[in-house]
Amino acid sequence: ALEARLYGEAPGFLLEVAPDRERDVIDLFGSAGLDIAPVGRTLAEPRLRIQDGGAAIVDADLAELARIHSDAIRPYVE
């Protein structure tokens, strides 16, 4: 389900890899018996985009997301 992919807390991590090294990293993880799956790419513009297939789930400006986050936690850290 979409919610499980967005909010699941299964152990793991994100690793940013240069496009020309992606195959090397996939092969390295595979040879160690570890699961690996490409999940996205870095954009030139300051946006967060999350897509499910071709459908956009999130398309937001990073500065706006930072403001929302900061405003949400401000009462707890001041």
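What is the relative accessible area of R67? R67 has a relative accessible area of 40% and is partly exposed (buried means under 20%, exposed over 50%, partly exposed in between, with a 1.4 Å probe and protein chains only).

## Basis of the model

The model is predicted: local features need pLDDT of at least 70 and side-chain atom pairs count only at pLDDT 80 or more, while totals for chains, interfaces and linings use all residues. Residues are numbered from 1 along each chain as its sequence is written, and side-chain values use heavy atoms, leaving out hydrogens and water.

## Salt bridges within helices

Eight salt bridges are found in the whole structure (a side-chain nitrogen of Lys or Arg within 4 Å of a carboxyl oxygen of Asp or Glu). One of them joins E64 to R67 at 2.7 Å, N to O. Both residues belong to helix α3 (residues 62-77), three residues apart, or about one turn of the helix; helices are DSSP runs of H or I with at least four residues, strands are runs of E with at least two, and both are numbered from the N terminus. E64 is partly exposed, at 36% relative accessibility.

In helix α2 (residues 22-31), D27 and R23 are four residues apart, about one helical turn. Their side chains form a salt bridge of 3.1 Å, N to O.

## A link between strands

R49 and D59 also form a salt bridge, with the closest N and O atoms 3.3 Å apart. R49 lies in strand β1 (residues 47-52) and D59 in strand β2 (residues 55-61), so the pair ties together parts ten residues apart in sequence. A network of salt bridges links E45, R47, R49 and D59.
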